[in-house]
Amino acid sequence: MIRSALKYICPAEQIPQKIEVDVSNLDIEDRVYMRDIEVHPSLKLLSKNENLPICKCVATNLDSPEPVATNLERPEPAEV
């Protein structure tokens with residue numbers, strides 16, 4: 001998870017109990033962005049940047065709940 005909360009402005013009667021996001025069709029490294037969240041049309045997102053991710057799917061080791069560390073940089077050369 002990248003963000004645990006989003007801020008919207010809306011009429012009091014339109015405040016949702018929860019906002020659900022379906023991640024069942026996502027692959028590892030896929031992201032869900034603010035712009036992807038479907039809410040009632042009366043809700044207005046207060047963030048000016050809808051291109052920020054709110055979550056990212058990562059691989060996990062089935063033996064532990066922690067995400068598997070990935071090194072996105074070049075590996076260090078082996079010492080001879």
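Predicted model: local features only at pLDDT ≥ 70, side-chain atom pairs only at ≥ 80, totals over all residues.
Two residues count as being in contact here when they have heavy atoms within 4.5 Å of each other.

Arg 3 sits in the segment before strand E1, which covers 8–9. Leaving aside residues up to four places away in sequence, Arg 3 touches Met 34, Leu 52, Pro 53 and Ile 54. Lys 56 is another residue to look for from here: Arg 3 and Lys 56 are 53 residues apart in sequence, yet their C-alpha atoms are 9.8 Å apart in space. How exposed is Arg 3? Its relative accessible area is 35%, so Arg 3 is partly exposed, given that this class runs between the 20% limit for buried and the 50% limit for exposed.

Now let's follow Lys 56 to its partner. The side chains of Lys 56 and Glu 29 meet in a salt bridge, with 3.1 Å from N to O. Lys 56 belongs to strand E4 and Glu 29 to the loop between E1 and E2, so this pair ties together parts that are 27 residues apart in sequence. Lys 56 is partly exposed, at a relative accessible area of 24%, and Glu 29 is partly exposed too, at 34%.

Glu 29 has something else to show you. Most residues other than glycine have a negative phi. Glu 29, however, has a positive phi, near 80°.

How many salt bridges does the structure hold? There are two. Besides the Lys 56 and Glu 29 pair, Glu 20 forms one with Lys 18, and their closest N and O atoms are 3.1 Å apart. Glu 20 counts as exposed because its relative accessibility is 63%, and Lys 18 counts as exposed at 59%, both figures lying over the 50% cut-off.

Ile 19 is partly exposed, with 37% relative accessibility. Together with Val 21 and Val 23, Ile 19 makes a nonpolar surface patch of about 200 Å².

Confidence is highest in E2, with a mean of 91, and lowest in strand E4 (residues 53–56), with a mean of 87. Over residues 71–78, pLDDT stays under 50, and the model has zero contacts beyond four places in sequence for that stretch.

Methods: Residues numbered from 1 in each chain as written. Heavy atoms only, no water. Helix = DSSP H or I, 4+ residues; strand = E, 2+ residues; numbered from the N terminus. Buried < 20%, exposed > 50% of the residue type's maximum accessible area, 1.4 Å probe, protein only. Patch = residues over 30% accessible without salt bridge, like charges linked within 9 Å, V, L, I, M, F, W, Y side chains within 5 Å. Areas by Shrake-Rupley, 256 points an atom, 1.4 Å probe, with all protein chains shown as cover. Salt bridge = Lys/Arg side-chain N within 4 Å of Asp/Glu carboxyl O. pLDDT = per-residue confidence, 0-100.
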